[in-house]
Every structure is written in structure tokens, then in C-alpha cells.
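This report describes a sheet, the helices packed on it, and the contacts made by aromatic rings. It is meant for a reader who is new to the structure.

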Amino acid sequence: MGWTLQQPRSRHLLLLFITFASCITVVFISKSDTRDLYDHSSVTYKLAEMEMRVDHLTRLYELKDKDVQELIKHFSSVLKTIVKSLNVSVSEDIESLMVAFNKSVEMVRSPMAHFDVYTFLPHLRSHENYLRPLILHSGGRNAVSMVFGVPTVRRQQQTYLIQTLINIVSNMNQTEQKDSLIVVMIGEIDQEYTQQVTAEIKNRLPEAVNSGLVDIIAPSPEYYPDFNKLRITLGDSEDRVRWRSKQNLDYVFLMMYCQPKGSFYVQLEDDVVAKPQFHSIMKKTALQRIADGQEWFILDFCRLGFIGKMMRCSDLPWLIQFIVMFYNDKPGDWLLDGMMETKACNLEKDFRDCRKRKDEIWVTFRPSLFQHIGTRSSLNGKIQLLKDSLFKKSVNVKRINKIRGK
């Protein structure tokens, strides 16, 4: 897609494979020597997390170049040698995971490898650097479990960004913070403004910035098309069409940057608050469904718009492509709904059947973990008073304990 990673590729690959090898080795040893210390649910959870990371790694790198495929094959061979040298008994679960990993190496190239963003944004053809972000700050953090995307733009009146970031960070403990990356994407091309916002974030959240928890990026001025040439759709005014079309492209830019950074991606906004332990609850929910073999594409932790929507990072290219194709046609949350209908619904069946099938892959969590707090929309003159009624004052303890397997 013309996207360039910010760190040397070989270094990044080496780090990821070393991390994965360490996880495999620890599980083997745990299964043989310390088996009594872990109950079945704990082992199942670890296997689900390993499966998640394998899926992310193979989808992200296996289809890139032949040299990467050879590296994976070599790694698989080394892994077998490690198992033999440890002289441990391998459980059926881990054996199946190894077989799945080896098969993934031979997987046919995915159509996503041929996706060409320039087809839908032809103005970018003149220079591929237009798709590279301006890194206003980055600690270089990668390979986390949770990546939180926070798009923000200049608002004419009240701004909520700092309040939102402080709330998100304060509702994560140290362990959760180390396993997360918050990416703030400033959807503006005014360098003076982007530097001002960057300085404010660094000043108000110095520990989060210095630890690598927060990345701050912005697009190059040439990233955006000529918004005066957009088609008028849905009977909206020109201003509204420009606003939602740009918002869609902001989502795309943010997702492309976040996609290789972790295992799960969560879409947020710059005017929300979260509940304590939201990170652990979301991760536990996803891993439990993976461990149970339950299909899902979206885990929804807020009923409003695009807030709190969680996906596998390895699934993001599908949504990115869908939004790029139709960025001029509908708002992003409508496009997400349209994509899910396309994935789930049978046009020969009725609405109730469609709703049922969508609910199987778009799973709503109750109570909600995020609430919208803004009243002034980024669209000038628009008042946004929507609130999520499922956002309770306290999290349901029984629900959390059930997710944790207690």
C-alpha cells in the first residue's frame, strides 16, 4: 500500500521472531515442568494469545517477500530443534498450533498484497512519500497487544483531546500501559498547529510520551485530494461532504500507521472517557473468544459511531480498503456497517436473519467501556449530544470475573 515502516525492517523482524520464540519456549517448559501451576483456562488463554500473535506475524510479513518466507521456514526448523533439545512432551493443542504455523508459510499470496491505494486516490501517484506520516513524536514502540487510534482535528470552539488522553492513560495500570500504544493522528496540515498540539501533549502527559506509550503523527499536505472536486452524495451540503470525506481519509491514514504496531486495534475519538481496566477487559474478551473458537470481526465496546470498535490488526486492511473505495460516499461508521452487512447478510433472507448473522461477527459488549463527552462537533455549527446509555457508572464485576474465568 505504499506504507513505509519507520524502523529498519530486519531489526523489527528479528525482534518479533525472538519474542515469538520466547513465548513458545516458555509454554513448552510450562507444559512439562510447571504444569501444576496453571489450570486449564490459563493454558488455553496463553494458547489463544500465541495464536493471535502468530496470525498477526504471518499475515503481516509472510506475504511481503521471498526472503521473509525463507526466514519463517528457517525459524520453524529451529523451533523443532528447540523442542527436541528440551525433551518435553508436546500437547495436542501446541502440536496443532505448530502445524497451523507451518501451513501458513505455504499460504498462497493474499489479494490484499496487490491492493493499490492509488486506484482510489490517484493524486498520490505523483509521489509515494505522500503516504508517509510526519512523525511528530514516537518512542518506537511495537509488538504490543493493544493499539488505540485517536484521530483529532482543529475545533473552532472547545477541544477535548487532552482531557481524553489523560483519562485513557489514568485508567490503565502500569502493566496495561506497557502493553499498549496510543497513536494520536492530527488531521491537519498546518505545521504551526500540529507542533502546538504536540507540545501540549508532551507538556500535559510527559510520562506517557517519554515512556513510548504515545505516538503523535500527522499527514503530509499532499495526502489529501482536492476536496472541492468531491461528488455531492446523500443530499448533504458541500461542507458536510468535505467534512466526512476528510474524516474517512483521516481514519485510513491512522489505521495504516497502526496496523503493523500490535495485535488488536481500537478506534477511539478525541472526545471520549473510558472506564478503569478497559484495556484488560477488552483483551480478555478477545482472547477468550479466540480460545473458544468463536468467530468475530468487531468487538464493540461503545454503541456510538466509530468509538470503541476493536478489530484484529491483521483484519484492518479489509476495512482500510473498503473506506478508501467509498470515502466520498458515506460516513465512516456507515461504511463499517455496510462492510459487515456485505460480510454477513444473505440478500435472499429477511432483516432479522441479517441482524442475527451480523451480531455473530459484530459482538456488542455490555456495559459500554467508553462514553462520548463532546458537545461541539468538529463540523462547524454541529451540536453532538449523543450519549451511550449502556455506559454505567461502575463496571459489572460479575461480567469482568466471568471474562477472567473466575
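Two strands are said to pair if DSSP finds at least two bridges between them. In this predicted model, strand β2 (residues 144-152) and strand β3 (residues 180-186) are joined by seven bridges and run parallel. Within this pair, G149 is found opposite V183 of β3.

Helix α5 (residues 161-170) lies across β2 and β3, and its direction is at about 175° to β3. Helix α9 (residues 238-258) also packs on the sheet. The strands that α9 touches are β1, β2, β3, β4 (214-218) and β5 (262-267), and its direction makes about 160° with that of β5.

The sheet itself is open and has eight strands, in the order β1-β4-β3-β2-β5-β8-β7-β9, with mixed pairing. Its edge strands, β1 (134-137) and β9 (362-364), each pair on one side only. From one strand to the next, the twist averages 25°.

The aromatic rings come next. A search of the whole structure gives nine aromatic pairs. A pair of aromatic rings is described by the distance of the centres and the angle of the planes. Two of the pairs, F264 with W296 and F301 with F365, are listed here.

| Pair | Distance of centres | Angle of planes | Class |
|---|---|---|---|
| F264 and W296 | 6.2 Å | 40° | tilted |
| F301 and F365 | 5.1 Å | 40° | tilted |

F264 belongs to strand β5, while W296 is in the loop between α10 (278-291) and β7 (298-300), so this pair ties together parts that are 32 residues apart in sequence. Are these two residues buried or exposed? Buried means under 20% relative accessible area. F264 has 0% relative accessibility and therefore counts as buried. W296, at 3% relative accessibility, counts as buried too.

The other pair links two loops. F301 lies in the loop between β7 and β8 (309-312) and F365 in the loop between β9 and β10 (370-372), so the parts tied together are 64 residues apart in sequence. Both F301 and F365 are buried.

Elsewhere, one aromatic cluster is formed by Y223, Y224, F227 and F253.

Charged side chains also meet aromatic rings. R312 lies over the face of W296, at 4.2 Å from the ring centre. The charged end of R154 sits over the ring of Y193, 4.1 Å from its centre.

Key
Residues are numbered from 1 along each chain as its sequence is written. This is a predicted model: local features need pLDDT of at least 70, side-chain atom pairs count only at pLDDT 80 or more; totals for chains, interfaces and linings use all residues. Side-chain values use heavy atoms; hydrogens and water are left out. Helices (H or I, at least four residues) and strands (E, at least two) are DSSP runs, numbered from the N terminus. Axes are lines fitted to C-alpha atoms, for helices over the stretch in contact, and angles run from 0 to 180 degrees between N-to-C directions. Contact means heavy atoms within 4.5 Å. Rings of Phe, Tyr and Trp (its six-membered ring) pair if their centres lie within 6.5 Å; planes under 30 degrees apart count as stacked, over 60 as edge-to-face and the rest as tilted. Buried means under 20% relative accessible area, exposed over 50%, partly exposed in between (1.4 Å probe, protein chains only). A charge sits over a ring if NZ of Lys or CZ of Arg is within 6 Å of the ring centre and within 35 degrees of the ring normal.
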